Amino acid sequence: MARALSLAERGLYTTTPNPRVGCVLVRDGQVVGEGWHERAGEAHAEVAALRAAGAAARGAAAYVTLEPCSHHGRTPPCADTLVEAGVSRVVAAMSDPNPKVAGDGLARLRAAGVGVECGLLEKEARELNIGFVSRMQRGRPWLRLKVAATLDGKTALLNGASQWITGAQARRDGHAWRARACAVATGIGTVKEDDPQLNVREVETDRQPRRIVIDSRMEISPQAKVLAGGGTLLVAAREDADRRRQLEDRGVEVLFLPDLHGKVDLGALMLELGKREVNELHVEAGFKLNGSLLREKLVDELLVYLAPSIFGDHARGMFALPELSRLSQRLELDVCDLRQIGRDVRIVARMVQVTGAGVREN
């Protein structure tokens with residue numbers, strides 16, 4: 001199963017909106033075939049492994065990182081394909097959270113006389129597809145908020161200057177996180193001050209995540225770099241017919257999602273992105289949008305790079321949040337990973353909730 005997971009990781013940048021899946025076929029203690037899902041519309045991991053194994057698949061055990069599918073999508077059901085190939089046993093790391101499957105794939109295998117087990121290295125399998133699980137179970141993507149800051153938590157000078165706080169190695173690492181996301185989002189403030197491209201350049205990938213700009217008043221310049229090449233989604237709250245025509249002429253899709261206060265309804269946006277099959281949403285924005293996402297409890301994970309430098313009090317922080325009067329009001333995090341990237345420190349932390357009984361929940 002560990003080998004199957006490593007194969008699944010090969011599709012880290014390419015499988016969206018599908019999950020990342022690997023499969024290993026073992027017969028008489030020997031690997032006879034292996035494969036992974038590369039991109040939507042192409043062979044699933046099980047099919048790739050069966051092709052590699054050929055006739056040796058009959059009587060083999062299949063180790064697969066996700067329950068074999070049982071429905072017709074772009075490809076036929078993998079559960080049926082495994083049965084037809086004569087596989088004797090299937091070990092799945094986890095059940096499929098997709099309601100179209102949700103145990104039916106394993107049930108089909110059992111009904112056909114195939115031995116079935118589920119749960120081996122389940123935690124690792126869920127981590128690999130955390131965005132897919134989020135979309136299937138919550139109807140919205142897994143939101144990862146990336147922040148680059150000084151050691152005293154400052155993201156920019158008061159005049160907006162912020163490039164570059166972290167070093168080249170940390171920036172390259174950040175692009176790897178961009179590459180695995182289905183979409184990368186920012187706010188109009190960051191576009192005005194930094195004019196980012198918001199694409200993946202520092203790591204090799206043949207798929208670019210979709211770019212999203214949250215711009216309530218449609219203030220963006222049609223010449224902004226983030227709009228280059230078309231396909232950018234601009235989310236607004238107020239109509240500007242002339243600006244909309246200019247943007248659409250550049251291949252921009254404009255989406256209106258106003259809340260009661262004339263801002264973009266961020267919660268509604270997350271549900272809309274879920275409908276658009278966005279599994280992982282990577283956000284690189286300024287302290288205002290960062291704070292709004294935190295206040296609305298939409299952030300699942302923080303990806304923070306801390307540089308060995310200090311800006312002092314007269315600089316911008318990470319999050320625009322209201323003043324707290326009690327320590328109990330603070331937002332709690334669980335640190336999942338801590339490591340040094342070049343001269344900088346990278347922290348991956350997840351939001352947790354403390355229930356009335358004092359129980360911490362991710």
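Trainee: Which way do the side chains of strand S6 point, and are they buried or exposed?

Mentor: In a regular strand the side chains alternate between the two faces of the sheet. Here Trp142, Arg144, Lys146, Ala148 and Thr150 point one way from S6, while Leu143, Leu145, Val147 and Ala149 point the other way, and all are buried. Buried means under 20% relative accessible area, exposed means over 50%, and partly exposed lies in between (1.4 Å probe, protein chains only). Helices (H or I, at least four residues) and strands (E, at least two) are DSSP runs, numbered from the N terminus.

Trainee: What kind of model is this, and how are residues numbered?

Mentor: This is a predicted model, in which local features need pLDDT of at least 70, side-chain atom pairs count only at pLDDT 80 or more, and totals for chains, interfaces and linings use all residues. Residues are numbered from 1 along each chain as its sequence is written, and side-chain values use heavy atoms, with hydrogens and water left out.

Trainee: Which strands pair with S6?

Mentor: Strands of a sheet pair through backbone hydrogen bonds, either parallel or antiparallel. Two strands count as paired if DSSP finds at least two bridges between them. S6 runs parallel to strand S12 (residues 280-283), joined by 4 bridges, and leucine 145 has valine 283 as its partner there.

Trainee: Where is tryptophan 164, and is it buried or exposed?

Mentor: Tryptophan 164 sits in the loop between strand S7 (156-157) and helix H7 (168-180). This residue is exposed, with a relative accessible area of 55%.

Trainee: How do helices H2 and H3 pack?

Mentor: Two packed helices are described by the angle between their axes and the distance between the axes. Axes are lines fitted to C-alpha atoms, for helices over the stretch in contact, and angles run from 0 to 180 degrees between N-to-C directions. The axes of H2 (residues 45-53) and H3 (residues 78-85) come within 9 Å and cross at roughly 20°. That makes H2 roughly parallel to H3, a term for angles under 35 degrees. Glu46, Val47 and Leu50 of H2 meet Cys78, Thr81, Leu82 and Ala85 of H3, where contact means heavy atoms within 4.5 Å.

Trainee: What covers the buried residues of H2?

Mentor: The buried residues of H2 are Ala45, Glu46, Val47, Ala49, Leu50 and Ala53. Their cover includes strand S1 (22-27), strand S2 (30-36), strand S3 (61-64) and H3. H2 also lies across S1, S2 and S3, at about 140° to S2. After H2 comes glycine 54, whose phi is positive, near 65°.

Trainee: What is the strand order in the open sheet that includes S1, S2 and S3?

Mentor: The order of this open sheet of 5 strands is S2-S1-S3-S4-S5, with mixed pairing. S2 and strand S5 (115-118) are the edge strands, each pairing on one side only. The twist averages 15° from one strand to the next. S3 pairs with strand S4 (residues 89-92) in the parallel sense over 4 bridges, and alanine 62 is partnered by valine 90.

Terms used
Angles under 35 degrees count as roughly parallel, over 145 as roughly antiparallel, 65 to 115 as roughly perpendicular and the rest as oblique.
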